[in-house]
Structure formats: C-alpha cells, structure tokens
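Here is a short note for a colleague meeting this structure for the first time. Please keep the sequence and the 3D view open while reading.

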Amino acid sequence: EVQDEILEAGVTHLTPAPLFEPPAFAVKELFGEVPVPLLRDRPLFEELTLSGAGRLADYRGSTGTVFAWNAGAEWAPTRDVRLRVNQSRAVRAPNLVEVHQPVGQNFTINGGPTDDPCSVQNIGAGSANREANCRAAGVPEGFEIFYSTSFEFRAGGNPNLHQEASDSFTLGAIVQPRMIPGLSLSADYYDIEVKDVITSPGVQSILNSCYDASSIDNQFCGLFERNPGPGLGPNGEEPGQIIDGSLLLAPVNYAALKVRGIDFEAAYRRNVTGIGSFNSRFIYTLALQNDQFLNPEDPGRKDQNLLELGNPKHAFNWDASVKRGPLTFGYQLQYFSKMAIKQVEDIRSVQGRAPENADAFSDRYFKGATYHNARVAYDVSRRFNVYVGVDNI
C-alpha cells in the first residue's frame, strides 16, 4: 500500500535501502578465564590454585585491538590461612567523545596572550632541546612573533588516541582462625601504575611540549602547523608563524598515575549470650605513594598527592554495633593523620626540588583528627525502622 501511494505521487523509481549499515564504532570482544588447581588436602597445601584470564577487544573506529590479562595464585597452607598474589594489565579505550567529538572554532580570549616558544624572547626559557627543535621545525633564527589574546584554535576529539593501560600487583593474606569463630584478618599490599592517561592540555602547554621534548617527533607537534614559507601563509602568516586556526586542542596520551599502599582489615562477629549480636569491623590504610605526572611540558615531573588534603598517610575506620532484639546501638570512629595546608611541594622537597613556598603558612600541616559518631536504631517492624544519631560527638 505504501509503495502504491508513492507511485501515485509520481515517484517512478525506488532505491532499496541496504539491509545492514555497519556502525562507525563497534566493539568485539573475546574473553577467557581458567583456574588450575594443583594441590589439595596435602600437608602444608590445603589448597594451591593458579588462575589466569585474558580479554581481547577490538574497538573499530577508535583505538583498534587491545589486550588485558591477569594471572594469580592462591595458597592455603592450612584451613586458617590463605595467601594470594595477582599481577594484571587493564586497559581503557578512549570513548566516542574523546575520539570523534566534532571540531569547533575557538579563541584564547580569556587565557591571556599565547607565547610562541620559538620566538626570540621565549626560545631560551624552555628545556635545553627547545632551540634545536625549533630549528628542526624550520623556524628561522631571529624569528619574532607575538600572538594576541584572541589566538584562534580548534577544539575537538583526537582520532590518534590510544588506550590507557594500568599495571597492578597485589600481595595479600587472609587469616580466619577456627579457634576464634567469627574473626577474620586480612592484609593486602598494592602497587598500581596507570600509563598514557588521556588528558587535555591547554594551548600553551601543547606549544611548549612540542619543542621542549627530546625531538619534534611527538604527538604535540602533530597538533598544529607552521607556515613553511617562503611566502605568506593562507591567512597572511609570516614564514615560521603558526597558521591561524591550525592548532587542535584535543586530548592526548601523556599523563601517568602511581599509587602504592597497604590495606588492613579486621572483622569480628559473635552472638553474646544475654547481650545480643556483636559486630565489629576495622579498616586501616597505610598510603606509601600517590603521585601524578600531569605536566605535558615535563612528563617526568612528579606531583605528590600523598599528605595533601584528602590523601593522608594513615587513615582508619572502626565500626561496632550491638543488636538486641529490635534495638541496635552503633558506634563509628574515624581517624586521619596530618595533611598539608596546601601543596606538599610548598613545604617539602619532592624529587630533589627545593620547597616552592616554605613560608606560605605559619602552620605547615593540619593536625591529625579523630571523629566519633553514634547511632541508635529501632526496628518497629520488618519494613519500618526509626533511628537517631549524632556525628562528630
């Protein structure tokens, strides 16, 4: 009937639509996991198991083929003790926005003037490689240019992005002694490094990073063009000048993150005759490292987060409760060790660098703090509960 109506309207030729239009972005994955039990119910080998897993993923329209894996082992010398170790590689492919966001025109109106690192007034301000890289890029000696606050650039996705990758190692132990039913103790060491983190630098960082690197064969130099000369560029640019609007402000792979630490946990549950059900859980974290490498102009420069607000070296929570019939009494204790007033780099040497602002504050750290919270709850019915609590007693 639809076809007849179309023909009556004077349309005499119909082009059939394809049965399937492949999407511009698709993901195909292959995953496998296998446990390998080696020993069981033997002296000193209550259980010994190896395990491995792998995931092969193909991101069409994005980063291509990536591989993630993990390998581990668990050994229980007795029924009370279990040891575990794991090594893994995880990946995150760039998302559609990071890769395919449409490019739009923009200007550095609020960012101040843009400095050309190859201009005579800036060429000595960067790394020892800056001048040689500028010459390798064809910028003539004595080149001098000043860009206004309305430096034009394009902003959008970067089709050349590749995946982020993290390598992690964990080693731990669990103790559940049969002689103390309800008690569980665990400790885990972790070491995690994330590489090629996708981050969006600013316009000035892109320019500086291009020429401060070991060579101009880097991802930052590929984000803009210069007029090679000898004549004027498409928008009247002098030889050596950055072509107006050629710079692409896009996410790139350059950042890194590193964390290390130890987690401890103790849990105990028991029904106490005449009192009720007692529950307790204690979690303690000892942070050994928390570093970010986010400076595209100096990728090896460490920004230490450890000891800054929100990242104490020592922290623990203790939760305890007693439930007797419909009534529950709960208590929570929280502790955070000292943390810097502002940046750790202000008051301490990081990577051998001198403190950046040692006398910024009369006090260098916020003191450690302990918080006490309490709560009483009453189960009116199986579906209705009332409670009252006080935080920061």
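This is a predicted model: local features need pLDDT of at least 70, side-chain atom pairs count only at pLDDT 80 or more; totals for chains, interfaces and linings use all residues.

The points below cover pockets, a cavity, salt bridges and a surface patch.

1. The largest pocket. It holds about 230 Å³ of space. Its lining is made of 15 residues. Nearest the centre lie Asn-158, Asn-160, Gln-219, Gly-222 and Leu-223. By class, the lining splits into six nonpolar, seven polar and two charged residues.

2. The second largest pocket. Here the space is about 170 Å³. The lining counts 13 residues, and those nearest the centre are Asp-319, Gly-330, Tyr-331, Gln-332 and Arg-375. Four elements, namely strand 13 (314-324), strand 14 (327-336), strand 17 (369-381) and strand 18 (384-390), each give two or more residues to this lining. Strand 14 provides the largest share, with four residues. The classes here are four nonpolar, six polar and three charged.

3. The cavity. How many cavities of 30 Å³ or more are there? The count is one. The largest cavity has about 60 Å³ of space. Its lining includes Ala-340, Ile-341, Asp-346, Asn-357, Phe-361 and Arg-364. Six of the lining residues are nonpolar, two are polar and four are charged.

4. Asn-357, one of the cavity-lining residues. Asn-357 sits in the loop between helix 5 (344-347) and strand 16 (365-366). Asn-357 and Val-344 are 13 residues apart in sequence, and their C-alpha atoms are 9.7 Å apart in space.

5. Salt bridges overall. Side chains of opposite charge can pair when their charged atoms come close. The whole structure has 18 salt bridges.

6. Glu-164 and Arg-92. Their side chains form a salt bridge with an N to O distance of 3.0 Å. Glu-164 is in strand 7 (residues 164-175) and Arg-92 is in strand 4 (residues 81-92), so the pair ties together parts that are 72 residues apart in sequence. Glu-164 is buried, at 11% relative accessible area. Arg-92 is partly exposed, at 31%.

7. Lys-258 and Glu-193. This salt bridge has an N to O distance of 4.0 Å. The pair links distant parts of the chain, with Lys-258 in strand 10 (residues 252-272) and Glu-193 in strand 8 (residues 183-199), 65 residues apart. Lys-258 is partly exposed at 28% relative accessibility. Glu-193 is partly exposed at 26%.

8. Arg-301 and Glu-356. In this salt bridge the closest N and O atoms are 3.0 Å apart. Arg-301 is in the loop between strand 11 (276-293) and strand 12 (303-304), and Glu-356 is in the loop between helix 5 and strand 16, so the pair ties together parts 55 residues apart in sequence. Arg-301 is partly exposed at 30% relative accessibility. Glu-356 is partly exposed at 44%.

9. The nonpolar patch. Leu-30, Leu-56, Phe-67 and Trp-69 make a nonpolar surface patch of about 400 Å². Leu-56 belongs to strand 2 (residues 45-60). Leu-56 has a relative accessible area of 39% and is partly exposed.

Conventions
Residues are numbered from 1 along each chain as its sequence is written. Side-chain values use heavy atoms; hydrogens and water are left out. Patches are made of residues with over 30% relative accessible area and no salt bridge: like charges are joined within 9 Å, nonpolar side chains (Val, Leu, Ile, Met, Phe, Trp, Tyr) within 5 Å. Accessible areas come from the Shrake-Rupley method with a 1.4 Å probe; for residues, only the protein chains shown count as cover. Buried means under 20% relative accessible area, exposed over 50%, partly exposed in between (1.4 Å probe, protein chains only). On a 1 Å grid over the protein atoms alone, a cavity is a set of points where a 1.4 Å probe fits but cannot get out, and a pocket is an open set with protein on both sides within 12 Å along at least five of seven lines; lining residues have an atom within 4 Å of a point. Grid points are joined across faces, edges and corners, and a volume is the space filled by probe spheres set on the points. Ala, Val, Leu, Ile, Met, Phe, Trp, Tyr, Cys and Pro count as nonpolar, Asp, Glu, Lys and Arg as charged, and the others, Gly among them, as polar.
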